[in-house]
Amino acid sequence: MGVKPMLHLRPVPIRARGLLLILFAVSLVAYSCAADTPTPEERAQSLDRLLMCPVCPAETIDQSQADLAVQMRSLVREKLQSGESEEEILDFFVDRYGKSVLSQPPSTGFNLVVWVVPPIALVGGLALVWLAARQLGQKRQPHSQKETPEGRPDLEPYLKQIDEEFLAFERARNGPERGGEPGLQGGKG
Amino acid sequence: MSELGTLSLLFALVLAVYSGVGSALGARKGLLELTTSARYATYLIPLPLGIAVLALVGAFVSRDFQIEYVAKNSSLAMAKGYAWVAFYAGNEGSILFLTVVLSIVAAIAIALAPRLSRASLAYTTAVLMSVLAFFLFILVLLANPFETSAVAPADGRGMNPLLTHPGMFIHPPMLMTGLITVTVPFAFAMGALLAGRTGDDWVDTGRTWALISWGILGTGLLLGGWWAYTILGWGGFWAWDPVENAGLMPWLVLTAFIHSIMVQKRRGMFRVWNIALINVAFTSALLGMFINRGGPTPSVHSFAQSILGWVFLAFMAVTALFSFGLMVHRMPALKNSQSLESKLSRETAFLVNNVLFLAMAFVIIWGQLFPILSDMVTGVSITVGEPFYNRVNGPLLLAVIFLMGIGPMVPWRHASLAQLRKALLLPIIVALGLDVTLLALGVTKVFPLMAFGLCAMVGTGILREWTRGTRARHRKGESYPLAFGKLVAANRPRYGGYVVHLAVVMMALAIIGTYFFDTQRDVVLQPGEQVTVGGYQITYIDAQQIQHPDHLQSVATIVVERDGKSLGTYSPWQDFYPSFSLRPARAAIRSTPIEDLYIIPNDFFQDGSVGFRILINPLVMWMWIAGPVLVLGTVIALWPQRKRALIREAIPQVLRPTYAPAVE
């Protein structure tokens, strides 16, 4: 740790690097927020992906080639061209076919639950890991403590006896010259 | 034929029940003759089941439409080679397939069980045979593929035309084999618990079989993606369809398991947790099979609705109760042999990995079940589709890649921040360098920039580990190739894992590329007309219609050029099967590592014009390259260590020095 030249040389570049990193991240976010307005066709396609084809199992109108899906696609484009907003178009199809026409649940009312539960589960899981790590860390045992592979020192003599009898039995079955089955070479000699 | 098949199934059932009961009883009462005889019975079971398979495939080849299953899933027009595909194209046949595979892997697993897991082998056998007997009961009572009808129809209904694709010869078998093989590690874990061997005896065998199952399932999923990409005609490879999800869910849980089992292997920790994970993996595999057989949500390729699904569900509930009950019962004995020394350690990294993968699996099951829940609460049915999964699991995938870059650099036991900084400096610099380059090239979306950066970080980290290790060995006088080979051979789980990580990076590239940067155009072209999409000039020449016995095939001929240079002539086609009212298509795909040009004809009009969907899918080829890399990595990780290494493994952990690979 206390090597002098290191202490003398390192800090400045690292700090500069950190600064650069922050600057870079900020400019990156700023730059990317400024860019990208979708073309009309791109808007239409992202709407296609939000609408299920009502007559096909589990396909959006973007994926399906059913006649109804084709009609709905052209309807989406017509409505976009006449200046309707994304929300209005989605509402139109919901009025017509019911809420199940949307390929993702709306984030209102009870359906908010579908969006909220996964993040809660993730945070809960990470919290559990944190708690488990703390608990596992607390019952630190001295390394000298002898442990059998089974974690039950009191059972060891019995387990050993079982293993020996098991081996003896296998050996008796297979005859001494064959030395047992694969995985039992331990019984040889 | 049908009598032979049914008799074979009955014979297999009797053997499985005998072996299951014999093993359990023999182990309980200490009757070694009985357990041995029961074990030999398990070796026999694949025989009658193999005969049953031959009988069924034979019935397809000889077009024995007296058998209902054959009549339902084939026709005279079907090419005879597809008899193999038709065999598992329906419910009954696919259950027979699952059963045969289970009987074979069970026999292999039992025969090759290493000495350590021998003490509990009788119980393991009993568990395996119980599952096998369940499948055989279903085959005999509820879904006998050899059921005959009174009058044989002149022709069958034919196989689902979506299945007439070369991918179908291996994709469903791989998927089903992967799903059913999860039974083996589960059975070893349960067997150990039943026998009271609560230590680490089952860990090596459990890990091996979990990895085998994971690798096969992963390959099956990738092949499924390839099939969807070439035949479904919307240009994507993954749609979060219930059936795809059914395979992905257990795969994600297994991914968590094969990581956390390493902690038990090396440090004797997480004993309860690993049991819980393998229980969840097996339960979710059963759930996957349940969803495939008439589950709760609609899907493009689920089998017919039937009572079978609910039988599976009941079996799943019983298994879950049994396995978790047993775990809780043995809990007092499942103590960790060592404690966690630091929160910044490989052990904790694996725990976080587990949380992320379980979260992704949870999102899937949550998305499947929520429509039912919503229907019950609000009375309005809703859809939980692609956008939901992408928006929720996308960020989780990002977190996984991030962890993949850091986790392997964190030493076991405890790490210092200084070590981490040293290990991560170069990968982070490379990642930022890539992002700057991409920005300069005009990529401005935040999520992809983060994702590409993280991919670069993971890749650099892995390559640096390889070059360092190889150089260190080279300095000791080994040639570079030899040094690299020996490096990998010395710690196969670790370096195999790195290869798999590279495969995951490749998959991530393909996912980001297609999700964020795809271009899609729907156009209608007259013969001779040209359209330019993404720098490609696409000229539609003409169309032809070919009448096949069971379907009408419409083929479009197109010429693709770029910058005045011809890239060749392509003939994508669309079929129409009137008896199924299905239109499977085959896209024209020009693949390069940078991007795919993907053209699919959707509409053939009377006047000779054709409606095409043209897509540019960037980086999608890496998805398919990832497949063989994934398999390679899995095989390396699986390859048995030599004796010397095994002995080293057996040296008590406490005697070994702290393992800190990232630091010299």
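# Briefing on chains A and B of a predicted model

B:Gln553 has its place in strand E4 of chain B, residues 552-562, where strands (E, at least two residues) and helices (H or I, at least four residues) are DSSP runs numbered from the N terminus. This is a predicted model, in which local features need pLDDT of at least 70 and side-chain atom pairs count only at pLDDT 80 or more, while totals for chains, interfaces and linings use all residues. Residues are numbered from 1 along each chain as its sequence is written, chains are lettered from A and ligands numbered from 1 in the order in which they are written, and side-chain values use heavy atoms, with hydrogens and water left out.

**Surroundings of B:Gln553**

- B:Gln553 counts as buried because its relative accessibility is 12%; buried means under 20% relative accessible area, exposed means over 50%, and partly exposed lies in between (1.4 Å probe, protein chains only).
- The side chain of B:Gln553 makes a polar contact with the side chain of B:His548 at 3.1 Å, and another with the side chain of B:Asp575 at 3.3 Å.
- A polar contact is a pair of N or O atoms within 3.5 Å; within protein, one must be able to donate a hydrogen and the other to accept it, and residues adjacent in sequence count only if both atoms are side-chain atoms.
- When neighbours within four places in sequence are left aside, B:Gln553 is in contact (heavy atoms within 4.5 Å) with B:Gln544, B:Gln545, B:Ile546, B:His548, B:Trp573, B:Gln574 and B:Asp575.

**Interface of chain A and chain B**

- On the chain A side, 64 residues are in contact with 75 residues of chain B.
- The size of an interface is often given as the accessible area lost when the parts come together.
- Between chain A and chain B the buried area is about 6,300 Å², with carbon and sulfur atoms giving 63% of it; buried area here is the accessible area (1.4 Å probe) that two parts lose on being put together, summed over both.
- Twelve residue pairs in polar contact, both residues at pLDDT 80 or more, are found across the interface of chain A and chain B.
- On the side of chain A that touches chain B, the elements giving two or more residues are helix H2 (11-34), helix H3 (40-48), helix H6 (112-138) and helix H7 (156-174) of chain A, and H6(A) provides the largest share, 15 residues.
- The residues on that side of chain A divide into 32 nonpolar, 14 polar and 18 charged, where Ala, Val, Leu, Ile, Met, Phe, Trp, Tyr, Cys and Pro count as nonpolar, Asp, Glu, Lys and Arg as charged, and the others, Gly among them, as polar.

**Salt bridges**

- Over all chains, a search of the whole structure finds 18 salt bridges, and two salt bridges are found across the interface of chain A and chain B; the term means a side-chain nitrogen of Lys or Arg within 4 Å of a carboxyl oxygen of Asp or Glu.
- The side chains of B:Arg613 and B:Asp522 meet in a salt bridge with an N to O distance of 2.8 Å, and this pair links distant parts of the chain, B:Arg613 in strand E10 (residues 610-618) of chain B and B:Asp522 in strand E1 (residues 519-525) of chain B being 91 residues apart.
- B:Arg613 is buried, with a relative accessible area of 0%, whereas B:Asp522 is partly exposed at 32%.
- The side chain of B:Arg613 also meets that of A:Asp62 in a salt bridge (3.7 Å, N to O).
- A salt bridge of 3.7 Å, N to O, is formed by the side chains of B:Arg562 and B:Glu595, and it links B:Arg562 in strand E4 of chain B with B:Glu595 in strand E9 of chain B, 33 residues apart.
- B:Arg562 is partly exposed, with a relative accessible area of 31%, while B:Glu595 counts as buried at 15% relative accessibility.
- Through shared partners, salt bridges join A:Arg49, A:Asp62, B:Asp518, B:Asp522 and B:Arg613 into one network.

**Strand pairing in chain B**

- Strand E8 (residues 588-591) of chain B and strand E9 (residues 595-604) of chain B pair in the antiparallel sense over four bridges, pairing being assigned if DSSP finds at least two bridges between two strands.
- A hairpin of three residues joins E8(B) to E9(B), and B:Ile589 stands opposite B:Tyr598 in E9(B).
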